[in-house]
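Dear colleague,

Please find below the structure that I am handing over to you.

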Amino acid sequence: MTDNSLQGIKAPHNAVLEDRHHLTLSGVKDVDTFDEESISLVTELGDLTIKGADLHISRLSLEMGEMAVDGEISALVYSETQKPKEGSIFSRMFR
């Protein structure tokens, strides 16, 4: 069995939403926070926030990068990952 992280190959990221009540995700790297109204997680393509009501993580496998969420899903919001800055503002001013 080969490990994608060792080879530098990203796993595919897919999101399948069925009837706004069941969400299946792949390419999940980590879950930051979760409650009944929002779930914040890290995917292969950046941070993802799932918003809704009565949200429940019904399946999670970080080894496989898969996750399933049930509940009333109202939004999927992706955030760009922040690029690291080249130093403090003072170090950039006094180059």
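The protein chain contains 2 helices and 6 strands; helices (H or I, at least four residues) and strands (E, at least two) are DSSP runs, numbered from the N terminus. Along the sequence, these elements follow the pattern α-β-β-β-β-β-β-α.

This is a predicted model, in which local features need pLDDT of at least 70 and side-chain atom pairs count only at pLDDT 80 or more, while totals for chains, interfaces and linings use all residues. Residues are numbered from 1 along each chain as its sequence is written, and side-chain values use heavy atoms, with hydrogens and water left out.

The chain as a whole

Of the 95 residues of the protein chain, 26% count as buried (under 20% relative accessible area, with exposed meaning over 50% and partly exposed in between; 1.4 Å probe, protein chains only). The protein chain exposes about 7,000 Å², of which carbon and sulfur atoms supply 52% (Shrake-Rupley method with a 1.4 Å probe). Among contacts (heavy atoms within 4.5 Å) with a separation of 6 or more, 40% are between residues 24 or more positions apart.

The nonpolar core

The largest nonpolar core has 12 residues in all: Leu23, Leu25, Val28, Val31, Ile39, Leu41, Leu48, Ile50, Leu55, Met67, Val69 and Ile73. Strands β2 (22–26), β3 (28–34), β4, β5 (46–61) and β6 (66–79) each supply at least two residues of this core. Such a core is a set of buried Ala, Val, Leu, Ile, Met, Phe, Trp, Tyr and Cys residues joined through side-chain atoms within 4.5 Å. In soluble globular proteins, nonpolar side chains tend to be buried together. Leaving aside neighbours within four places in sequence, Ile50 is in contact with residues including Leu23, Leu25, Ile39, Leu41, Leu55, Val69 and Ile73.

Two individual residues

Ser40 lies in strand β4 (residues 38–43) and is buried, with a relative accessible area of 18%. Not counting residues up to four places away in sequence, Ser40 touches Val31, Asp32, Thr33, Leu48 and Thr49.

His21 is placed in the loop between β1 (14–18) and β2 and counts as partly exposed, at 47% relative accessibility. A polar atom of the His21 side chain lies 2.7 Å from the backbone oxygen of Asp19. With residues up to four places away in sequence set aside, His21 touches Val69, Asp70, Gly71, Glu72 and Ile73. His21 and Leu55 are 34 residues apart in sequence, and their C-alpha atoms are 9.0 Å apart in space.

Yours sincerely

Note on methods:
Polar contact = N/O pair within 3.5 Å; in protein donor to acceptor, adjacent residues only side chain to side chain.
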